Amino acid sequence: MHIQMKLKQKIQILLIFISAVIYLVAIGYISINARQSSYEDTKKLVDSKVKSFASQIEGQMNRNMAVGRTLALSFSNYNYMPKDRWLTFANRVYEDVFPEYADFYNLWDSWELSVIDSSWSKPYGRISNEHFRDQGIIKSSQSKRSLEGDNELYAGIKEANKELVFPLYFDLFAEGKSERKLMTSLLVPIRQEDGSYAGVVGIDITMDRFQEILSNVNIRGLEGSEAFLLSHQWKYAAHPDTSNLNEKITTNPTARGAFNLHEKLGQGKAFSIIHNKEDLDKKYVSYVPIHIGKTGTPWFLGISVPFDSIMQEADRSFIISLIVGLVGLLILSGVIYSITRGITNPIEKITEVLKQLARGRISNSMKLNIRTGDEIEEMAHALNTSIDGLNKKNAFASHLGHGELDYNYQMLSQDDELGQSLLEMRDSLKKAREEEEKRREEEKKRQWTNEGLTQFADILRQNNDDLHQLTDELIKKMVHYLEANQGGIFLINDQDENNRHLELYSAFAYDRKKHHEKRIEIGDGLVGTCAIEGQTIYMEKIPQDYIEITSGLGEARPDSLIIVPIKLEETVYGVVEIASFQTFQQYQIDFLERVAESIASTISSVKVNMRTQQLLEQSEQQAQELSAQEEEMRQNMEELKATQEEAGRQKTEMEGLVKAFHRANYVVEYDTNEKIMDINDRYLNLLGLKRQDVIGTHHSYKMKLSDEQKKAYQQFWDDLRAGKVKQQTHVVEHNGHSYVFAETYTPILNGEGQVEKILKIAIEANEFDLKQHLC
């Protein structure tokens with residue numbers, strides 16, 4: 001039997017049924033999982049606490065290890081100093097470093113005697129420096145140890161030759177101290193260049209500060225929680241019960257017979273276990289490794305929490321969840337009736353409007369005013385938007401039907417497919433209209449261009465024998481056809497290849513003041529630039545005072561200027577310049593460039609004809625001059641032969657003079673930096689030197705000069721570089737002989753009048769000359 005129910009009744013029954021099921025499931029889930037969930041959350045809290053405190057301890061120990069590593073690296077350069085000086089330096093470093101680290105109980109080193117003392121040849125024996133605190137006072141000591149052989153402990157450090165953390169001990173190396181503390185040592189080897197062992201730097205740290213850190217470990221809400229620190233030998237380094245210090249943790253604190261805690265710790269990874277052995281209280285314990293430097297022997301931080309504390313938190317969570325579930329069920333039951341009424345009444349109104357839309361009716365009176373603030377209001381709003389959209393689409397389609405293609409329509413959203421289709425239809429209609437208008441405009445431009453080319457072709461055909469008349473007709477036609485205001489044609493005058501320039505051939509309505517000389521150099525200004533680059537220049541911002549258009553009403557600057565090269569292929573024959581109050585369109589610029597190319601072709605033909613005529617006239621004149629030149633050439637050849645004979649005789653005579661000069665004098669060439677560039681053989685033979693040993697040496701080589709002499713010497717060379725000729729008498733000592741030279745220094749100038757090099761000519765002076773010089 002099919003039961004007919006209103007929507008309101010269906011919703012009420014459905015909500016009550018679902019609420020009851022949810023309540024029963026929630027109670028069951030809370031009963032089964034609340035304790036486990038709370039237990040897991042508490043374990044995560046404990047694990048995060050362990051990691052936080054382990055990171056703090058690890059940071060402190062690694063900072064201490066970094067200090068030892070830095071000292072060891074700096075001490076590896078010991079072989080650059082004598083032993084006594086090195087040991088003094090090392091102790092001075094300790095005196096500076098030790099006071100800065102209050103957590104250092106002891107800072108010491110140990111040096112192999114065989115490494116720092118070359119007189120010690122035994123493989124054992126060492127010198128130890130130690131800085132320590134005794135009741136707050138910094139003290140130091142130095143001693144020799146292992147003179148009869150290394151003890152087993154030190155031998156192990158020496159053999160390992162790597163960073164180590166020493167096992168826990170009670171101040172094992174203390175001498176003369178009044179208190180003993182549980183501590184460990186951070187050891188960093190001092191290595192030689194080949195990596196072999198040279199010594200070790202040790203930092204002794206006490207466990208007091210870690211004991212203090214662990215005493216502050218407190219996990220909120222978990223009574224009886226404790227923290228402890230284990231060394232790499234699984235001994236307690238810090239523990240709330242100080243009687244356990246330096247004692248090993250038990251091997252198996254669990255009820256499992258095969259479990260070995262020491263092996264688990266040896267894996268160096270974080271883990272957690274339940275301590276539930278019969279003779280121990282049941283606890284959850286989390287272990288996190290503390291990695292110290294490069295030792296590879298991690299310590300561990302552990303936090304234990306009594307199992308009863310964890311489950312007490314779980315029971316409290318269970319009770320709270322149960323109360324919240326009951327209250328929620330009561331509130332939900334009270335709200336069901338209100339919800340059903342708020343949902344069904346607006347839905348009935350929406351259903352009625354949808355029925356009217358299905359019948360094809362569209363009216364603003366169908367719009368709903370629902371303010372429920374939920375999805376039903378959104379449904380009503382969407383329905384109202386659809387009604388507005390359908391009304392707008394109806395109006396838009398009506399305007400398109402009347403040809404109003406610019407009528408604006410705003411789509412409801414990006415998903416408005418009907419609106420998008422209407423817009424695409426409008427755009428298609430507009431595009432068809434625009435393409436038709438564009439086709440008509442292009443056809444008009446094409447007709448204008450073809451008519452213009454035909455008219456200019458007639459001008460070029462009728463006036464191709466007179467350039468001035470041709471350019472006059474062309475510029476006049478250009479200005480009129482382009483509806484411009486003034487223009488000019490400049491042609492390149494290349495009659496003289498060394499004086500090529502642009503010449504104004506024709507102008508129409510042109511400002512004569514600007515081109516009163518009718519000549520522009522190629523590359524000068526805009527016209528010259530256009531001629532040299534061969535590219536069209538179009539400007540709508542005319543430079544100040546470049547050009548003005550004059551009429552009966554006054555003068556004004558044009559709005560646009562176009563300069564087009566008269567060019568055929570890559571050859572430029574001239575330039576067309578046109579100014580206008582109107583801007584030039586692209587099709588007009590293209591037209592002007594095509595006309596300029598036709599003009600260039602005509603000018604090229606005219607110039608070829610003119611050149612051919614000139615060549616014919618020149619050939620006749622050259623034929624007459626050729627016979628006269630042959631006679632003149634014969635006479636020149638006879639004179640040239642006589643000149644060559646005289647030059648050969650002078651060259652031979654000059655070579656003899658140069659050889660005689662070098663045989664009679666000592667000659668040296670210097671550059672402006674006072675270095676020898678060349679020296680003649682006579683000077684080399686006298687001094688018994690080789691040329692390659694002398695070239696490049698400085699003029700002052702082996703000279704010993706006082707400060708006063710250095711100033712005089714510098715002034716001497718400054719004068720030479722300034723172009724002044726200098727003379728001096730110089731005594732040269734070589735192989736036990738003294739040579740006295742009278743020297744003349746002459747600056748040699750280059751073609752620009754600058755000093756290029758210094759030529760020294762020296763002759764040997766006799767004893768009488770030397771006495772005169774000394775007097």
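I took a salt bridge to be a side-chain nitrogen of Lys or Arg within 4 Å of a carboxyl oxygen of Asp or Glu. By that rule I looked up Arg 519 and found it bridged to Glu 521, with the closest N and O atoms 2.8 Å apart.

**Ground rules**

I am working on a predicted model, where local features need pLDDT of at least 70, side-chain atom pairs count only at pLDDT 80 or more, and totals for chains, interfaces and linings use all residues. I number residues from 1 along each chain as its sequence is written, and side-chain values use heavy atoms, with hydrogens and water left out.

**Salt bridges**

How many salt bridges does a search of the whole structure find? I got 19.

I call a residue buried under 20% relative accessible area, exposed over 50%, and partly exposed in between (1.4 Å probe, protein chains only). Arg 519 is partly exposed at 34% relative accessibility. Glu 521 is partly exposed too, at 35%.

Next I checked helices. I read helices (H or I, at least four residues) and strands (E, at least two) as DSSP runs, numbered from the N terminus. Glu 40 and Lys 43 both sit in helix H1. They are three residues apart, about one turn of the helix. Their side chains meet in a salt bridge of 3.6 Å, N to O. Is Lys 43 buried or exposed? I noted Lys 43 as buried, with a relative accessible area of 17%. Glu 40 is partly exposed at 28%.

I then turned to helix H12. Glu 646 forms a salt bridge with Arg 649, and the closest N and O atoms are 2.3 Å apart. About one helical turn separates these two, because they stand three residues apart in H12. Both partners came out partly exposed: Glu 646 at 33%, Arg 649 at 45%. I also logged a network: Glu 112, Asp 150 and Lys 158 are joined by salt bridges that share partners.

**A nonpolar patch**

I built patches from residues with over 30% relative accessible area and no salt bridge, joining like charges within 9 Å and nonpolar side chains (Val, Leu, Ile, Met, Phe, Trp, Tyr) within 5 Å. Accessible areas come from the Shrake-Rupley method with a 1.4 Å probe; for residues, only the protein chains shown count as cover.

Which residues make the nonpolar surface patch of about 570 Å²? I listed Leu 14, Phe 17, Ile 18, Val 21, Ile 22 and Val 25. I placed Ile 18 in helix H1, residues 7-75. Ile 18 is partly exposed, with a relative accessible area of 37%.

**Pockets**

I searched a 1 Å grid over the protein atoms alone. A cavity is a set of points where a 1.4 Å probe fits but cannot get out. A pocket is an open set with protein on both sides within 12 Å along at least five of seven lines, and lining residues have an atom within 4 Å of a point. Grid points are joined across faces, edges and corners, and a volume is the space filled by probe spheres set on the points.

The largest pocket has a volume of about 700 Å³. It is lined by 22 residues, and the closest to its centre are Leu 687, Leu 689, Tyr 701, Lys 702 and Val 732. The elements giving two or more residues are strand S21 (666-670), strand S22 (676-679), helix H13 (681-687), helix H14 (691-694) and strand S23 (726-734). S23 gives the largest share of this lining, five residues.

I sorted linings by type: Ala, Val, Leu, Ile, Met, Phe, Trp, Tyr, Cys and Pro count as nonpolar, Asp, Glu, Lys and Arg as charged, and the others, Gly among them, as polar. The largest pocket has 13 nonpolar, five polar and four charged residues in its lining.

The second largest pocket has a volume of about 470 Å³. Of its 15 lining residues, Asp 494, Gln 495, Lys 607, Arg 611 and Gln 614 lie nearest its centre. H12 gives the most to this lining, with five residues. The lining divides into six nonpolar, four polar and five charged residues.

**Positive phi**

I noted Glu 569, whose phi is near 60 degrees, a positive value in a residue other than glycine. Glu 569 lies in the loop between strand S19 (560-568) and strand S20 (571-580). It is exposed at 68%.

Glu 674 also has a positive phi, near 70 degrees. I found Glu 674 in the loop between S21 and S22. This residue is buried, with a relative accessible area of 8%.
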